[in-house]
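Here are some exercises to work through with the model open beside you. Try each task before reading its solution.

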Amino acid sequence: MKIVVVGGTGLIGSKLVAKLNEHGHQAVAAAPSTGVNTLTGEGLAEVLEGAQVVVDVSNSPSFEATAVMEFFTTSTGNLLAAEAAAGVGHHVAVSVVGTERLPENGYFRAKIAQEQLIEKSSIPFSLVHATQFFEFVRHIADEATDGDKVRVAPVRFQPMAGDEVAQEVGKVAVGSPINGRIEIAGPERFQMDEFFRGVLAEWGDPREVVTDPHARYFGSELEERTLVPEEGATLGRIRYRDWPGRTAQAQGR
């Protein structure tokens, strides 16, 4: 089948396009660099011609509250309208585990708005809520850095490999619409401060990890289970200690 992957040149999108093509589907990457702009509508009608499924893994270039809300509502609105005109039968969107638990966070609030647009549309849909990616571990540490200290809350944390995110999203894309959501996560659950304390030690990073119950995660305080899935989530198999990208991440790449 023809599957259009919006954000198909990014981290998860590029992996997804490759995996779908390997399995005999016609996966097409849609992004500004390929002539498709969901904010302006440029190229949407053309790329959706003959498509049975659209997978949206795009992300806002800015996480500022107003900008991110504008991105997700405008992009999703344009995309759903173009899909309806093209007769697309399945819309898949990737979101974040815990989104509904942090409505005061500007980014998560925008993701909630995106999901509401999808749920209200006429197009059958599937929502995939994923935990944080292994690939973003260093970015999370940097975001939590205050001088020579990394302030992290003692909450649950269950990251997963980007390859497995793409794999699970691909399974959903080629299946029947869920008209609801599933959650996907890594195979191991950590205490977040302990995880980062161990990771920075392995990196030889001199920053000190400080356990702080009020530490902010991209602007918001976390509860114990904000970032982990409910029972019944689909779990990956790759453990962080076995992840092939770990060496490059340790070297800051």
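A residue is called buried under 20% relative accessible area, exposed over 50%, and partly exposed in between. Keep in mind that the coordinates come from a predicted model.

**Exercise 1. A valine in a loop**

Is Val228 buried or exposed? Which residues beyond its sequence neighbours does Val228 contact?

Solution. 
- Step 1: Locate Val228 in the loop between strand 13 (220-221) and strand 14 (234-235).
- Step 2: The relative accessible area of Val228 is 0%, so this residue is buried.
- Step 3: Leaving aside neighbours within four places in sequence, Val228 is in contact with Val97, Arg101, Arg156, Phe157, Gln158 and Arg189.
- Step 4: For a C-alpha distance, take Ile184: Val228 and Ile184 are 44 residues apart in sequence and 9.5 Å apart in space.

**Exercise 2. Two helix pairs**

Work out how helix 3 and helix 4 are oriented to each other, then treat helix 1 and helix 6 likewise.

Solution. 
- Step 1: The axes of helix 3 and helix 4 are 8 Å apart, and the packing angle is about 15°.
- Step 2: Angles under 35 degrees count as roughly parallel, so helix 3 and helix 4 are roughly parallel to each other. Their crossing is right-handed.
- Step 3: The contacts between them include Ala65, Val68 and Phe72 from helix 3, and Gly106, Tyr107 and Leu117 from helix 4.
- Step 4: Helix 1 (residues 11-22) packs against helix 6 (residues 162-174) at about 55°, with axes 9 Å apart. The two helices are therefore oblique to each other, and helix 1 passes helix 6 in a right-handed crossing.
- Step 5: Among the residues that meet here are Ile12, Leu16 and Leu20 in helix 1, and Val165, Ala166 and Val169 in helix 6.

**Exercise 3. The nonpolar cores**

Which members of the largest nonpolar core touch the most other members, and which helix gives the most to this core?

Solution. 
- Step 1: The largest nonpolar core has 32 residues, of which Met192, Phe196 and Tyr240 touch the most other members.
- Step 2: Elements that each supply at least two residues include helix 3 (65-86), helix 4 (106-120) and strand 7 (149-152). Helix 7 gives the most, with six residues.
- Step 3: Look around Tyr240: beyond neighbours within four places in sequence, its contacts include Phe134, Val137, Phe195, Val199 and Trp203.
- Step 4: A second, separate core has 22 residues, including Val55, Met160, Ala166 and Val169.

**Exercise 4. An annotated span**

How far apart are the end C-alpha atoms of residues 3-51?

Solution. 
- Step 1: An unreviewed UniProt entry lists residues 3-51 as "domain: NAD-dependent epimerase/dehydratase".
- Step 2: The end C-alpha atoms of this span lie 6 Å apart, and the span is 35% helix and 18% strand.

Notes. Residues are numbered from 1 along each chain as its sequence is written. This is a predicted model: local features need pLDDT of at least 70, side-chain atom pairs count only at pLDDT 80 or more; totals for chains, interfaces and linings use all residues. Side-chain values use heavy atoms; hydrogens and water are left out. UniProt positions are given in the numbering used here, feature names are shortened, and annotations may be inferred rather than shown by experiment. Helices (H or I, at least four residues) and strands (E, at least two) are DSSP runs, numbered from the N terminus. A nonpolar core is a set of buried Ala, Val, Leu, Ile, Met, Phe, Trp, Tyr and Cys residues joined through side-chain atoms within 4.5 Å. Buried means under 20% relative accessible area, exposed over 50%, partly exposed in between (1.4 Å probe, protein chains only). Contact means heavy atoms within 4.5 Å. Axes are lines fitted to C-alpha atoms, for helices over the stretch in contact, and angles run from 0 to 180 degrees between N-to-C directions. Angles under 35 degrees count as roughly parallel, over 145 as roughly antiparallel, 65 to 115 as roughly perpendicular and the rest as oblique. A crossing is left-handed if the near helix is turned anticlockwise from the far one by less than a right angle, and right-handed if clockwise.
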